[in-house]
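Dear colleague,

I am handing over the structure below, and I would be glad if you could look it over before reading the notes that follow.

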Amino acid sequence: MPPEPVIAADSADLVAALVEAGQTVATAESLTAGLLGATIAGIPGASAVLRGGLIVYATDLKNSLAGVSADTLATDGPVAASTAEQLAVGARRRCEADWGIGLTGVAGPDPQDGKPVGTVFLGIAGPQSTEVLRLKLSGDRWTIRVGAVRAAVAELVRSVRGE
């Protein structure tokens, strides 16, 4: 399915904000499996700001590709605030970007590791700090994944602009 018009408009704002700031972004995506990176790449001019992304759907790849510590994965699990934070930091470092976004969560149809469907953790690692947001989304798998992308784009626009 193509990105919804609202996501495309927000993504255009994101690309414009990054271009204006002279900054770049990279992603480490679990539940969205590359949807965020593909959404950003769909905007003309994205090549100036999108460094790349890591699809780390499998738990072991969160460690080996994105640098999430094995201790974090063993203690907190793949769907956790600490995991999202380390995914964001890992994307930023591994892709040498100014900003890193980490997304992990449960798209359904079943709960995972005691986390209900719709639980999403969004990590944003920037030049000055890292933050993590917990989202509670509803709907089917596609709706939850699109909602996670929408939230990631909106939060990164806010962060880049210092809002």
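Predicted model: local features only at pLDDT ≥ 70, side-chain atom pairs only at ≥ 80, totals over all residues.

**Notes on the sheet and its helices**

Residues are numbered from 1 along each chain as its sequence is written, and side-chain values use heavy atoms, with hydrogens and water left out.

Helices (H or I, at least four residues) and strands (E, at least two) are DSSP runs, numbered from the N terminus. β4 and β5 form a hairpin, with four residues between them. On the other pairing of β4, that with β3, the sense is again antiparallel, over six bridges, and Gly-100 stands opposite Ala-125 there.

The whole sheet is open and has five strands in the order β2-β1-β3-β4-β5, with mixed pairing. Because β2 (50-55) and β5 (130-136) stand at the edges with a single partner strand each, one side of each is left without a neighbour in the sheet. From one strand to the next the twist averages 15°. Strand β1 (residues 25-29) pairs with β2 in the parallel sense over five bridges, and Ala-28 stands opposite Leu-54 in β2.

β4 is mostly covered, with seven of its seven residues buried (under 20% relative accessible area, with exposed meaning over 50% and partly exposed in between, for a 1.4 Å probe and protein chains only). Thr-119, Phe-121, Gly-123 and Ala-125 point one way from this strand, whereas Val-120, Leu-122 and Ile-124 point the other way.

Helix α5 (residues 81-94) lies across β1, β2, β3 (99-105), β4 (119-125) and β5, and runs at about 145° to β3. Helix α6 (residues 141-160) lies across β1, β3, β4 and β5, running at about 25° to β4.

Of the 20 residues of α6, 14 are buried, so this helix is largely enclosed by the rest of the structure. From its first C-alpha to its last, α6 reaches 29 Å, close to the 28 Å expected at 1.5 Å a residue, the expected span being 1.5 Å times one less than the number of residues. Gly-162, which follows α6, has a positive phi, near 70°.

With best wishes

Conventions
Pairing = 2+ DSSP bridges. Axes fitted to C-alpha atoms, helices over the stretch in contact; angles between N-to-C directions. Contact = heavy atoms within 4.5 Å.
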